[in-house]
Amino acid sequence: WNAITQVRAHLPQGMQALQHDAALTEDAVICGTRGWLIPTGDAPLSPEDEKITCREVMRLEMSIQAALRLNAQRPLVVMLHFPPLYAQERDTPFTRLLEKYPVHTVVYGHLHGAGIPAGFHGEWHGIRYRLVSCDALSFRLAEVPLEPTSVC
């Protein structure tokens, strides 16, 4: 797709695609972006990857701010494709941004097969993180508990 308007035009009624914005559900406010690679101790980013990571951090902030503008008093759930952190690498440009806001839960994917153990599942600095790639969940649905910790 070349534009979000093309995607949205082809979605069935009741389905919403997000891009630099947020969606209000009965239980939560949802926002997010694709994300990108994060630097690790043994693998710094190339200049091109660094540029993309910085752009995705900016897009994530735009999405979170859109969620906050909804003023919904519901838990804020962030969705990312790429992991914002790893089990062994938790201080990243994404986590530093997420910690500036009242984020309740972050769900992410991208890790499959042998990469699944590198993912982080749990709470870090008051935010819950959940790897939800299909094979990490044995191809089952994942419930995202939204009991109160912080609200948008």
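In the predicted model, the elements of the protein chain follow the order α-β-β-α-β-α-β-β-β from the N terminus. This amounts to 3 helices and 6 strands. The radius of gyration is 15 Å, close to the 15 Å given by the globule rule for 152 residues, so the chain is as compact as a globular protein of that length. Along the principal axes, the C-alpha atoms fill a box of roughly 45 × 35 × 35 Å. Of the contacts with a separation of 6 or more, 65% are between residues 24 or more positions apart.

Of the 152 residues, 40% count as buried. The protein chain exposes about 8700 Å², and carbon and sulfur atoms supply 55% of that area. The charged side chains comprise 13 positive and 16 negative ones, with the centres of the two sets 5 Å apart.

In soluble globular proteins, nonpolar side chains tend to be buried together. In the present model, the largest nonpolar core contains 27 residues, and the members that touch the most others are Leu60, Ile64, Val78, Leu98, Val103, Val106 and Tyr129. At least two core residues are supplied by each of β2 (29–33), α2 (47–69), β3 (76–80), α3 (93–98), β4 (103–108) and β6 (127–131). The largest share, 5 residues, comes from α2. For Val106, contacts beyond four places in sequence are formed with Val78, Leu80, Pro84 and Leu98, and also with Ile127, Arg128, Tyr129 and Arg130. Among these partners, Val78, Leu98 and Tyr129 are listed with Val106 itself as core members that touch the most others.

Two loop residues were examined individually. Leu18 is located in the loop between α1 (4–9) and β1. With a relative accessibility of 24%, Leu18 counts as partly exposed, the cut-off for a buried residue being under 20%.

Glu26 is located in the loop between β1 (22–24) and β2. Its relative accessible area is 71%, and Glu26 is therefore exposed, as the class requires a value over 50%. A separation of 8.5 Å is found between the C-alpha atoms of Glu26 and Arg74, two residues that are 48 positions apart along the chain.

How values were computed:
Residues are numbered from 1 along each chain as its sequence is written. This is a predicted model: local features need pLDDT of at least 70, side-chain atom pairs count only at pLDDT 80 or more; totals for chains, interfaces and linings use all residues. Side-chain values use heavy atoms; hydrogens and water are left out. Helices (H or I, at least four residues) and strands (E, at least two) are DSSP runs, numbered from the N terminus. The radius of gyration is taken over C-alpha atoms; the globule rule is 2.2 Å times the number of residues to the power 0.38. Buried means under 20% relative accessible area, exposed over 50%, partly exposed in between (1.4 Å probe, protein chains only). Contact means heavy atoms within 4.5 Å. Accessible areas come from the Shrake-Rupley method with a 1.4 Å probe; for residues, only the protein chains shown count as cover. Lys and Arg count as positive and Asp and Glu as negative; His and the chain ends are not counted. The place of a charge is taken as NZ of Lys, CZ of Arg, CG of Asp or CD of Glu. A nonpolar core is a set of buried Ala, Val, Leu, Ile, Met, Phe, Trp, Tyr and Cys residues joined through side-chain atoms within 4.5 Å.
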